[in-house]
Amino acid sequence: MGMTTAWLLSCRMPTVWLTSKAAAAWVFLLIGLAPYLHLPEPFGAKQTLLLFAMFLPIAAGNTLFGLLSLNPLRMLGIISYSIYLLHYMLIHFVIKLTQR
C-alpha cells in the first residue's frame, strides 16, 4: 500500500481533491463506518482498500481539518517511529525483570 501510494503521488496525479475538506470528511466517514462493516477476516482485500482510501489523502498532504498540524500530534508523529523501534526492547526487559 505504501509503495502504491508513493508511486501514485510521484506520477503527478492530481492531488487537489485529496487535499480538500471533502477528502478529510471522507476519511472521517470511513473511520466512523469501519467498525460497523463486520468484515469477516482481519486482513483481506476489502480491509486493504478501506485503509488505502483513508491513507492516500493523508499521504497527499491533507491535514484533516488541521488536526494533523496540531503541535501535540506533530510531536507524536516525530517520536512514533522511535517508540515503535524501542517498544519490543522495553517489553523484553520488563518481562525478564518480572520473571525473576
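**Reading helix contacts and buried sites**

Analyst: Gladly. Keep in mind that this is a predicted model. Start with a helix pair: G2, T4, T5, L8 and L9 of α1 meet F52, F55, L56 and A59 of α3. By class, this contact has six nonpolar, three polar and no charged residues.

User: At roughly what angle do the axes of α1 and α3 cross?

Analyst: The axes of α1 (residues 2–10) and α3 (residues 45–59) cross at roughly 45° and come within 10 Å. That angle makes α1 oblique to α3. The crossing of α1 and α3 is right-handed.

User: Now a single residue. Is N62 buried or exposed?

Analyst: Read relative accessibility against a cut-off: buried means under 20%. N62 has 4%, so N62 counts as buried. N62 sits in the loop between α3 and α4 (71–98).

User: Which residues does N62 contact, leaving aside neighbours within four places in sequence?

Analyst: With those neighbours left aside, the contacts of N62 are L18, T19, S20, A23, A24, P57 and L68. For L18, there is also a distance to read: a polar atom of the N62 side chain lies 2.9 Å from the L18 backbone oxygen.

User: And how do I read L30, in helix α2?

Analyst: L30 belongs to α2 (residues 21–33). Its relative accessible area is 10%, so L30 is buried. Not counting residues up to four places away in sequence, L30 touches L50, A53 and M54. L30 and L50 are 20 residues apart along the chain, with 7.5 Å between their C-alpha atoms.

Notes:
Residues numbered from 1 in each chain as written. Predicted model: local features only at pLDDT ≥ 70, side-chain atom pairs only at ≥ 80, totals over all residues. Heavy atoms only, no water. Axes fitted to C-alpha atoms, helices over the stretch in contact; angles between N-to-C directions. Helix = DSSP H or I, 4+ residues; strand = E, 2+ residues; numbered from the N terminus. Parallel < 35°, antiparallel > 145°, perpendicular 65-115°, else oblique. Left-handed = near helix turned anticlockwise from the far one by under 90°. Contact = heavy atoms within 4.5 Å. Nonpolar A, V, L, I, M, F, W, Y, C, P; charged D, E, K, R; others polar. Buried < 20%, exposed > 50% of the residue type's maximum accessible area, 1.4 Å probe, protein only. Polar contact = N/O pair within 3.5 Å; in protein donor to acceptor, adjacent residues only side chain to side chain.
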